[in-house]
Amino acid sequence: MTQAVVRIHGAAAEIDAAAWDGLLAAQAAPSPFMRHAYLDAMEQSNSASPESGWVPRFLTLWRGRELLAACPMYLKGHSYGEYVFDWAWANAYQQHGLAYYPKAVVAVPFTPVPGTRLLARDAASRALLVQALLAWCKQEELSSLHLLFGADEDIEACAGAGLMLRHTVQFHWKNMGPASGPGVSSPSPQEARFARGRPGGEITGWKDFDAFLASLSHDKRKKIRQERRKVHDAGVRFRWSRGADIREADWDFFYRCYARTYREHGNPPYLKPEFFGRMAEDLPEAWLLFIAERGGKPIASSLIALSADASVAYGRYWGALERVDCLHFEACYYQPLAWCIAHGVQRFEGGAQGEHKMARALMPVKTTSAHWLAHPAFADAVERFLEREDEGIVNYLDHLGERSPFRHAE
């Protein structure tokens with residue numbers, strides 16, 4: 001059999017988009033953020049580029065003209081925009097006179113969304129891809145390799161190659177009313193535990209937002225209604241647009257909101273206006289935009305991404321030009337959740353951090369990343385640290401499991 005050939009690419013544009021997207025579509029956990037157009041737009045807009053500290057080094061594996069495996073990889077001179085925090089590791093290297101940067105990261109820039117990172121024809125090709133990544137990092141004398149927010153298949157391949165695993169917690173909502181059609185995934189044991197006490201004990205799809213509210217405990221139900229009433233009584237109304245129906249003026253308004261939110265927190269926005277322009281042009285079907293208006297004037301917006309089959313929604317960005325009590329909750333949770341229920345979306349991923357999301361029925365989910373460090377002593381120290389950290393994550397999940405927002409807790 002012909003030996004697989006490894007190629008390193010200095011830009012997503014060097015890889016055939018159809019071949020990349022075809023491989024992505026065959027994966028168990030694809031997301032719009034791994035689409036060729038998304039990754040290419042990150043570079044072309046200078047959002048994730050050498051100028052911003054993300055140096056593309058995409059790796060592909062070929063047998064003849066067949067693309068066997070591929071992944072996005074970046075050389076990083078910092079740890080911003082990753083959401084799996086290794087600043088302490090970098091500081092420890094510095095204190096010992098060692099260089100932690102540059103490091104290699106297999107990730108989607110600025111996007112802490114779990115999903116496939118190692119595109120592969122099969123498990124054997126995925127294992128070869130991990131070996132090629134490690135070999136390249138050793139050849140380049142890099143300090144480390146980090147695969148962030150990987151799918152189960154990615155993590156299994158990385159663990160098989162000896163990489164260390166690190167866990168974090170995110171908060172995801174699942175549509176659990178009569179409904180659900182083909183392709184609806186079975187609940188995890190944790191989700192089943194949260195669902196106890198519902199009529200019939202079933203995990204199906206809610207028929208509307210009121211049915212969803214009825215599944216929550218009295219205090220959570222009351223709080224959500226109070227928050228929504230504050231926004232309504234302030235005269236705020238919402239409209240939504242999807243895909244090609246999102247007008248250029250709405251994209252422009254959204255960016256004003258997005259940029260302002262970052263600047264209010266003292267940071268420049270990660271993503272450039274050109275990135276969203278590329279999304280509107282090259283990947284419109286992946287986006288759902290909510291705009292809040294008061295007196296006919298837009299005052300806030302939230303942008304949601306959608307999977308190719310529209311079964312999963314991803315809360316991504318938001319911003320407001322005026323302050324209205326509870327507007328953030330309405331724009332980022334209640335409007336998207338109501339839309340998800342009405343359109344049969346199975347899962348809404350609310351992203352990293354924020355225990356307050358549990359009050360809106362976004363349940364804790366463990367996510368996993370994989371890490372390799374070249375320095376043996378530091379690798380041993382980090383492995384011990386991760387063992388202790390993992391114990392804390394398990395305890396944290398158990399603690400959260402006692403705080404279910406559903407009615408069985410009453």
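Residues are classed as buried under 20% relative accessible area, as exposed over 50%, and as partly exposed in between (1.4 Å probe, protein chains only). The structure is a predicted model, in which local features need pLDDT of at least 70 and side-chain atom pairs count only at pLDDT 80 or more, whereas totals for chains, interfaces and linings use all residues. Residues are numbered from 1 along each chain as its sequence is written, and side-chain values use heavy atoms, with hydrogens and water left out.

Side chains of opposite charge can pair when their charged atoms come close. In one of them, K103 and D86 are joined at 2.7 Å, N to O. This pair links distant parts of the chain, 17 residues apart: K103 belongs to strand 6 (residues 103-106), and D86 to the loop between strand 5 (74-76) and helix 3 (87-95). Helices (H or I, at least four residues) and strands (E, at least two) are DSSP runs, numbered from the N terminus. K103 and D86 are both buried, and they take part in a salt-bridge network together with K76 and E82.

A further salt bridge connects the side chains of R126 and D154 (3.8 Å, N to O). Because R126 lies in helix 4 (residues 123-139) and D154 in helix 5 (residues 152-160), the pair ties together parts that are 28 residues apart in sequence. R126 counts as buried at 10% relative accessibility, as does D154 at 1%. The side chains of R239 and D250 also meet in a salt bridge, at 3.0 Å, N to O. Here R239 of strand 10 (residues 236-242) is linked to D250 of helix 9 (residues 248-264), 11 residues apart. R239 is partly exposed, with 24% relative accessibility, while D250 is buried, with a relative accessible area of 4%.

Strands of a sheet pair through backbone hydrogen bonds, either parallel or antiparallel. Two strands are taken to pair if DSSP finds at least two bridges between them. An open sheet is formed by 4 strands in the order 1-3-4-7, with antiparallel pairing. Its edge strands, each pairing on one side only, are strand 1 (5-9) and strand 7 (119-120). Strand 1 runs antiparallel to strand 3 (residues 58-63), to which it is joined by 5 bridges; V5 has W62 of strand 3 as its bridge partner.

Note on methods:
Salt bridge = Lys/Arg side-chain N within 4 Å of Asp/Glu carboxyl O.
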